[in-house]
Amino acid sequence: MKFSEAWLREWVDPSVTTLALADQLSMAGLEVDSVESVAASFSGVVVGEVLAREQHPDADKLSVCSVSVGESEPLQIVCGASNVAQGMRVPVARVGAVLPGNFKIKKAKLRGVQSLGMICSASELGLAESSEGIMPLPIDAPLGHDIREYLGLEDQAIDVDLTPDRGDCLGLAGIAREVGVINRCPVTPPSIQAVTAVIDDRVEVSLEADEACPRYLCRVLKGVDVNAQTPLWMQERLRRSDIRSLGPVVDVTNYVLLELGQPLHGFDLDKVAERIHVRLAKADEKLVLIGGQEIELDQETLVIADAKSPLALAGIMGGEASAVSETTRDILLESAFFTPTVISGKARGYGLHTDSSHRFERGVDPQLQAKAIERATALLLEIAGGEPGPVVEVCNEERIEQRPLITLRSERVNKVLGVEIEPADVSDILTRLEMETSAREEGWQVRAPSCRFDISIEEDLIEEIGRIYGYSKIPTHRGHSAMVMRDRHEVDFDLNRAKLLLVGRDYQEVITYSFVSPEIEAMIDPDKTGIRLANPISADMSVMRTSIWPGLLQTARYNQSRQQPRVRIFESGLCFSKQGDEINQEGILAGLVSGERLSEQWGSSSLRADFYDIKADVEALLTLTGIQEGVSFVPTQHTALHPGQAAAIVINGKKSGIIGMLHPELEKQLDLNGTTFLFEIELAEVSQGRLPAFESLSKFPSIRRDIAIVVDESVTFESIRNLIRDVSGKIITDILLFDVYTGENIDSGRKSLALGLILQEKSHTLTDKEVEEVVATVLHRLAEEFDAKLRE
């Protein structure tokens, strides 16, 4: 909600500075995002009148104007705008003036004609991003008056970021109420009187979905001049709230929206057939919205329709066919209350977000509609003329939720806030917040105003008292509580330690959304069905993730597109799956590596990271469990991974994660540069580890024997290592793989593995005979199990 401070001070004018006012609002829960000047800095610009306009003798697109600025002699100014005309009042930058961007106005000659100033457009004064022609001023603008003073540009625009529960402050009236109660000063709203009907024309309303729209008002206005000029004061207030002037009908409805917080809409009366029907959309109905977008209506969508077809998306946007145009003379003004739960999410479902939907989703005061339509009628008649008909109102009060009666105990107020507040102060705060109160022995009976959907229990009232009283006034007390130390088993997997280990291995932790795009989720994990959100933030965040990989891949793409080719990231978080009617949450630790193995440096050559780099990182993680002997990497298949570079992480015979290279087809689809490697570990499967146990070191020397064996390419080193350990017992203390060779002198489909066997006994020094016997036994079993042959 963005508004002009000067406009606010017409309602309520506390004796505080702008910054103090902004601080008050933030401390009261209405966080101020920004406070900025409503106009760029400039000086020396005054109100002038074009007395005469003649064609420039040497330029078809230039005019020579005689401009009065309230002095004895008019100024001669050369102007290039096509809309400049005799009798116009315009902003004039005199010689010596400084415009935005430190542009100084000097005497000049344009095509041989002297120019003693500049007639300015709105964009040249920094009042608009772009403009066509000179900025016209009202005919009664005082000549020679400083334009900044005349337009009230010594003003600030305050932008308040409201939480969803404070829809009552999406209008200046709500902000003024808050400022008034904070500063204990009176609030003076504009006088709004009922406008007397002068014609009998009316449009009947059929309320066919009263649960979604319990109250609907409309009024006919005939003979409206839709081409009338919106007053400059209204245009300026709209501009300072970041709303463009679009003609009197739209400007008035936007103005009332900002002032009272009630969205309104104007229909071209000639385009409305017979009567208004407030109903749900029918099957296969379509609507072309203002702006030309055609949508197919969902049958759960509330629409405003006539006897023939839908006219508007209720509470969201009007239709193009019934919109007010330059030829419109008669309008139908609408003011309605739509139930927040019905409107919520509907705009996003059609890819829309409007000022109206923003307010109706959060809740508009259900008692505000008559006041708003009377205010809009009076403003329209003042600006564009016309003849008003009677207000037609259709309402089902039973469908409008009444605010509950709440018992507020003074003892409870003091206990929750931790400070004693005088009962008179409590009553004053509640009264200024427009709450109905009646005194009781234990405190008060309170009913919140109809605009406060967020107040329903005693604690809500206490919160209101606390924020208005001032959190800074509440003294700080150190709480006392018994603390119980959580029993943590020494063998538990420490996630924080795991994160530090990854950071030490040059990873960076990221946090991504738990909501992902259904398209990327289907690419990565097609075997699982993601849980679809009923009210997603956006279409590409509409499914709860079943894997952390989509978030990591999107993060990698984001970094690569910003000239960061080397990416090493990890994330821990929850993944979600549905089994029957229950939603399961599973803790996952996942990582991604892409780009060079090491950062660019002179000490080593440039090498890209590969499968074994990320495998080493995972092995380092699993050493924290103390069960690394029970860990194996078994070749597997996964839709998202390269079929030849994917492995299941198996711990004590149970699949506990997966590791591999992203499939090249997915790399292309996701627009990633270079190979990308991923891993995922289920935290529940590594939650319990094993304590390391010390074994005494042997005092006898170890002996190494190197062998080279030729086996089938499908035989893994892990299976060979496990067999050697089973055969040799504890005498072989380590097995090293120091070479893998395929090529010349090796049969096709075979490979050579060079192994280093480390042998050692704890009771004596091994003899050559013992060593040879162990090596022979190993070779014999390898030949039996894997058809291994000793390479010569």
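Strands (E, at least two residues) and helices (H or I, at least four) are DSSP runs, numbered from the N terminus, and two strands pair if DSSP finds at least two bridges between them. The model is predicted, so that local features need pLDDT of at least 70 and side-chain atom pairs count only at pLDDT 80 or more, while totals for chains, interfaces and linings use all residues. Residues are numbered from 1 along each chain as its sequence is written, and side-chain values use heavy atoms, with hydrogens and water left out.

**View 1. Strands E32 and E33 run antiparallel.** Five bridges join E32 (residues 631–635) to E33 (residues 641–651), and among the residues involved, Pro635 has Ala647 of E33 as its bridge partner. The hairpin that links E32 to E33 passes through five residues.

**View 2. Strands E33 and E34 run antiparallel.** Seven bridges join E33 to E34 (residues 654–662), where Leu641 stands opposite Leu662 of E34. Two residues lie between the strands in this hairpin, in which Asn652 takes a positive phi near 50 degrees.

**View 3. Helix H20 spans residues 768–786.** The buried residues of H20 (under 20% relative accessible area, with exposed being over 50% and partly exposed in between, for a 1.4 Å probe and protein chains only) are Val771, Val774, Val775, Val778, Leu782 and Phe786. Because they cover an arc of only 95 degrees around the axis (taken from the directions from the helix axis to the C-beta atoms), they lie on the same side of H20. The face turned away from this buried side carries the exposed residues Lys769 and Glu784. Just after H20, Asp787 takes a positive phi of about 55 degrees.

Technical notes: Expected span 1.5 Å × (residues − 1).
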